[in-house]
Amino acid sequence: MATLQLTATLPTLPSGWSADKDFKAVGHLSAPVSRPIEPVGPHYLAHARRKQHKRTFSEDERIQAAEQVKKTQDDGPDDDFDEDEDPMMLQREAKDWKAQDHYAVLGLTKYRYRATEDQIKRAHRKKVLKHHPDKKAASGKDENDSFFKCIQRAHEILSDPVKRRQFDSVDEAAEVEPPNKKDVQKKPGNFYKLWGPVFAAEGRFSKKQPVPTIGDDNSTREHVEGFYDFFYNFDSWRTFEYLDEDVPDDNENRDQKRHVERKNNNARKKRKTEDTVRFRKLVDDALAMDERIKKFRQEGNKEKNKKRLEKEAAEAAAKEEAQKKKEEEARLAAEKAAAEKAAKEEGKKSKEAAKNAAKKNKRVIRGAVKDGNYFVDGTASPAQIDAALNDVDALILKLDNEEIAALTAKLNGQTDNATIKTAFADEVKRLVADGKAKDGDYKSLA
């Protein structure tokens with residue numbers, strides 16, 4: 001308890017002032033009261049502490065900082081963040097932040113992509129209290145703050161959902177190596193034990209959640225088929241922006257910036273394609289080692305055999321009904337034979353009609369030679385007539401019924417010599433082009 005006395009100096013009275021004539025009382029002073037006053041507050045306590053321990057300001061601040069860190073660590077929650085820190089990690093340069101393991105820096109190696117926001121926040125706080133430059137200074141250690149900057153960068157990446165997803169996409173430490181066939185066959189149940197973590201690790205990239213589990217020996221066929229259907233149609237959100245080359249932050253060099261951006265886009269597409277191929281092979285390997293598929297196949301064969309036996313029984317029963325159906329089948333066969341005979345006769349008539357039509361068309365073609373004056377100007381000599389008719393007959397032998405009909409259509413009703421000759425000349429050219437005739441075979445028609 002202390003007694004506080006206050007001393008105040010009154011202002012100087014103006015010259016010529018007189019108490020007799022100038023003083024006028026407007027009230028009276030109350031009686032003095034004695035009250036106890038205690039000095040309080042952090043600044044007073046700090047002052048008293050420095051006086052008691054004879055410390056300077058800087059010494060007292062360092063000691064208080066160390067005590068505060070110790071108290072915070074002792075009073076903090078019981079988190080499982082006390083991982084052994086790799087000495088090489090502590091010596092990492094802050095500029096190499098892109099190559100660092102952010103989860104390891106914060107002591108979250110065992111959690112990785114499963115770490116919650118609260119765990120990241122508390123792990124960051126614990127690392128800051130341990131590696132803060134003020135803490136190092138308070139303990140008398142002269143160390144640089146590179147690892148502290150690594151801690152800050154790790155917290156920045158993992159506390160941002162977008163940046164964290166980019167880092168998780170390329171976090172190789174979270175991947176689980178697929179087992180080989182020998183390891184799977186060493187012990188029953190190894191398939192599920194070894195492949196389960198692999199698909200759990202890959203499933204973290206799925207846009208569709210929850211991801212189906214691999215199951216066990218007792219899984220149904222529907223579950224197993226659904227599992228492989230899910231991963232064969234896997235829709236991944238995995239991206240590779242984290243591995244991009246840094247784009248120069250220089251507005252004046254726009255061409256270089258565009259070049260780096262194109263390069264990064266191409267690299268992302270390539271990595272995405274390679275990852276898709278890798279993942280497809282992984283699912284193929286798992287399917288090939290899954291004994292349940294073989295079991296389902298064997299069950300399917302049993303079902304087929306069962307159906308075969310049922311079929312044989314049905315055939316035996318059908319034999320009993322065969323006699324009843326024999327007459328019906330005979331009747332149907334007779335009707336079918338009659339129908340085929342009628343169709344054959346109809347076909348024969350059609351062929352005969354086509355043959356007659358072809359004969360008629362040939363007469364038209366031969367008559368066109370005469371109408372075209374045997375393809376000469378003036379009166380044709382017997383030799384020219386024979387040559388023209390022989391060439392036309394030879395031409396007809398090269399044509400089928402459809403081609404003869406087409407040529408007849410061109411010649412029907414034509415009386416002009418030039419038009420008729422042109423029709424024959426065109427037909428000769430067509431045969432030569434198709435390889436059915438040679439140049440010079442039909443001299444009178446060309």
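Student: What percentage of the 446 residues of the protein chain count as buried?

Tutor: This is a predicted model, in which local features need pLDDT of at least 70 and side-chain atom pairs count only at pLDDT 80 or more, while totals for chains, interfaces and linings use all residues. Residues are numbered from 1 along each chain as its sequence is written, and side-chain values use heavy atoms, with hydrogens and water left out. Buried means under 20% relative accessible area, exposed over 50% and partly exposed in between, with a 1.4 Å probe and protein chains only. By that criterion, the buried share of the 446 residues is 26%.

Student: How many helices and strands does the protein chain have, and what is its radius of gyration?

Tutor: Helices (H or I, at least four residues) and strands (E, at least two) are DSSP runs, numbered from the N terminus. The protein chain has 17 helices and zero strands. The radius of gyration is taken over C-alpha atoms, and the globule rule is 2.2 Å times the number of residues to the power 0.38. That rule gives 22 Å for 446 residues, so the protein chain is more spread out than a compact globule, with a radius of gyration of 53 Å.

Student: Is Arg292 buried or exposed, and what is its relative accessibility?

Tutor: Arg292 is found in helix 14, residues 291-371. Contact means heavy atoms within 4.5 Å, and, leaving aside neighbours within four places in sequence, the contacts of Arg292 include Asp216, Asp217 and Tyr228. Arg292 counts as buried because its relative accessibility is 2%.

Student: Where is Ser206, and which residues does it touch, not counting those up to four places away in sequence?

Tutor: Ser206 lies in the loop between helix 11 (190-203) and helix 12 (221-232). Its relative accessibility is 3%, so Ser206 counts as buried. Not counting residues up to four places away in sequence, Ser206 touches Val211, Phe230, Phe234, Asp235 and Trp237.

Student: What distance does helix 13 reach from its first C-alpha to its last, and which of its residues are buried?

Tutor: The expected span of a helix is 1.5 Å times one less than its number of residues. Helix 13 (residues 254-289) has 36 residues and reaches 53 Å, close to the 52 Å expected at 1.5 Å a residue. Its buried residues are Val260, Asn264, Asp275, Phe279, Leu282, Val283, Ala286 and Met289.

Student: Which residue follows helix 2, and what is its phi?

Tutor: Helix 2 (residues 42-53) has 12 residues and reaches 16 Å from its first C-alpha to its last. The residue that follows helix 2 is Lys54, and its phi is positive, near 55°.
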